[in-house]
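This briefing is intended for a reader who is meeting the structure for the first time. Please keep the sequence and the model at hand while reading.

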Amino acid sequence: MTTISLKDVKKSYGNLRVIHGVSVDIHDSEFIVVVGPSGCGKSTLLRMIAGLEDISEGEVCIDGKVVNHLEPMDRNIAMVFQNYALYPHMSVFDNIAYSLKIAKTSKAEIKQRVQETAELLQLGDYLDRKPRQLSGGQRQRVAMGRAIVRRPSVFLFDEPLSNLDAKLRVQMRLEIKRLQRQLGITSVFVTHDQVEAMTLGDKLMVLNDGRVEQFGTPVELYQKPRSIFVAQFIGSPSMNIVPVSEGHRLPNGAVVDHAVPKPQHTGELSLGIRPEHIDIEPASDVRFLIEMAEQLGANTLIHGVLEGSSAPLVVSLPGLHTLESLDASIGLRFQPENCHWFDTATGDRL
Amino acid sequence: MAGMVERNGAGTIISHVGLIFGIAIVCFPIYLAIVASTVEQKDIVSPPLPLLPGGHFIENYKKALLSGVNIPVWRMLVNSTIMAMGIAIGKIVISLLSAFAIVYFRFPLRTFFFWMIFLTLMLPVEVRIVPTFEVIANFGMLNSYTGLILPLIASATATFLFRQFFMTVPDEIAEAARVDGAKPMRFFFDILLPMSRTNIAALFVILFIYGWNQYLWPLLITTDPEMNTIVMGIKQMFPSGDDLADWPVIMATALLAMLPPVLVVVFMQNLFIKGLVDAEK
């Protein structure tokens, strides 16, 4: 039973503030993914929870206890690093056992717990090997084993999958998810990959420039992005953002479909629509000039511009299409229930 | 075969002749010393110099080792070994610890201290020999192993080397150890030290030879022949007056003085290469 709560946590290096007050409550056994572009402060935030980085202002509580001034080992956390950080001169067994040795666990218990962990991670045959004799995926598992063997109350992951190839990444992603479910340990996972974030997290925290843009379930973030930033960051391919002028006209002069609910708002508006929420409607005023087609198998991404303007648009059509199989100019229909309105100036959802 | 330049037969012969000639120039004096240590005194002093080994090898070396000129050579070998080991191990221990402090701890004036250590690179023993002698003499350390070893034990070079190595160790490893609960010294002994073993082996070779070859310092602070080291001891074997130098014994001593550094290089080279092969990645 472990909860984590951050209360207005800030971090500054000298005069440079990198985390601008993050507050969040993480419930027991929840899997939280912190996602954001590089340099947004997500790793710093994780390291502050771990105790590897000082907290400039605010409080980090684990199980209701302020841990700001506790050493990492006293916070009962375990961390998996991006480059695995295995001890190169120690065997897999010793790598996994090291924290137990320091905690002066008895030899018999160390042996038993390392064996258990190794079996859980299918590392049983590799216990005598050195890290350099292992493949990337195996090293990743050893790093996981090192974290699991301590039976910590919190798992922290710092982009642990970014050094693996695509196939292995998907496999390890599932494994991490399965392990976390099985062990029920509260986890915080940092990544810049939004697919990883969507698939792993019970809840996502989108971080931008040291601020929380949105915190919620993956579906919430996908269906109701709170800002243009979140809208474009979550989902692949990313959401189209089209500027809309006076009289709800698109850049090419066409009027947005009457079915689309329009906000009562003065000022510049932007319409957000995901590529998968656009249909072909031959009779529509909204004409689309096709420039390029990317065939993904199950669907095809069509890149182009709104006819009569230079506003780019991406449309995802089910099935396979080529430039030749489609007309150069097609009519589009934006699904009204899947349109998002944003204030262009602030980027906020309306 | 893999060479970029095709060689014909004549080129190979010429380059080999050149190489063999060079080796001969280097090896000839050593060969002469070996010859001189196996003949009798009278064979050396009457020209021509003998060029083939004589039959007194065992006799000369026995004489050198057990009685020597002033003091038995085995005694000087023991002294030299203690001094060289003391200097090499002492330098490695001190520089490992100071590099550890400089790289992994943030304390006031850290950079200042680093540059102070670095500055001592410019002050070899010879420059500070008078004040150092004064200090050692006042501490009553003349004619002692402590006096031989202590002033030579601080090493800016080794500190700098270990600092550079520690900086290449990923921060994540130190952090992982911290999360695992290792306190700084535990991290040092369990992780940093084993990871540095190749560097330590390489430095040991260099520092052992440095210590072994010390001449001026032992000459200054050892007045008791019992404390002579072998490198300075060879010089002490030359008679001051009209006495005849006992060349066969001196040559035997010189060759004995060469032996330990050669053994260290040969033995440690194995370990060094093993270390390189074992190194991660």
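The points below cover a sheet, a loop residue and a chain interface.

The model is predicted. In chain A, five strands form an open sheet with antiparallel pairing. Between chain B and chain A, an area of about 2,100 Å² is buried, and two salt bridges are counted there.

**The sheet in chain A**

- The strands of this open sheet follow the order β13-β17-β14-β15-β16 in chain A.
- Its edges are formed by β13 (278-280) and β16 (312-318) of chain A, each of which pairs on one side only.
- From one strand to the next, the twist averages 50°.
- Within chain A, β14 (residues 287-295) pairs with β15 (residues 299-306) in the antiparallel sense, and seven bridges link these two strands.
- For A:Q295, the bridge partner in β15(A) is A:T300.

**A proline in a loop of chain A**

- A:P88 is located in the loop that runs between β6 (77-80) and α2 (92-102) of chain A.
- The relative accessible area of A:P88 is 8%; because this value is under 20%, the residue is classed as buried.

**Extent of the interface between chain B and chain A**

- On the side of chain B, 21 residues are in contact with 27 residues of chain A.
- Carbon and sulfur atoms give 56% of the buried area of about 2,100 Å².
- Three residues, B:R178, B:V179 and B:D180, supply 33% of the area that chain B buries against chain A, which is more than any other three residues supply.

**Polar and charged pairs across the interface**

- The count of salt bridges between chain B and chain A is two.
- One salt bridge joins A:E71 to B:R178, with 3.2 Å between the closest N and O atoms.
- Nine residue pairs are in polar contact across the interface of chain B and chain A, both residues being at pLDDT 80 or more.

**Helices of chain B at the interface**

- Both α9 (171-179) and α10 (184-195) of chain B supply at least two residues each to the side of chain B that touches chain A.
- The largest share of that side comes from α9(B), with seven residues.

How values were computed:
Residues numbered from 1 in each chain as written. Chains lettered and ligands numbered in written order. Predicted model: local features only at pLDDT ≥ 70, side-chain atom pairs only at ≥ 80, totals over all residues. Heavy atoms only, no water. Pairing = 2+ DSSP bridges. Helix = DSSP H or I, 4+ residues; strand = E, 2+ residues; numbered from the N terminus. Axes fitted to C-alpha atoms, helices over the stretch in contact; angles between N-to-C directions. Buried < 20%, exposed > 50% of the residue type's maximum accessible area, 1.4 Å probe, protein only. Contact = heavy atoms within 4.5 Å. Buried area = accessible area lost by both parts, 1.4 Å probe. Salt bridge = Lys/Arg side-chain N within 4 Å of Asp/Glu carboxyl O. Polar contact = N/O pair within 3.5 Å; in protein donor to acceptor, adjacent residues only side chain to side chain.
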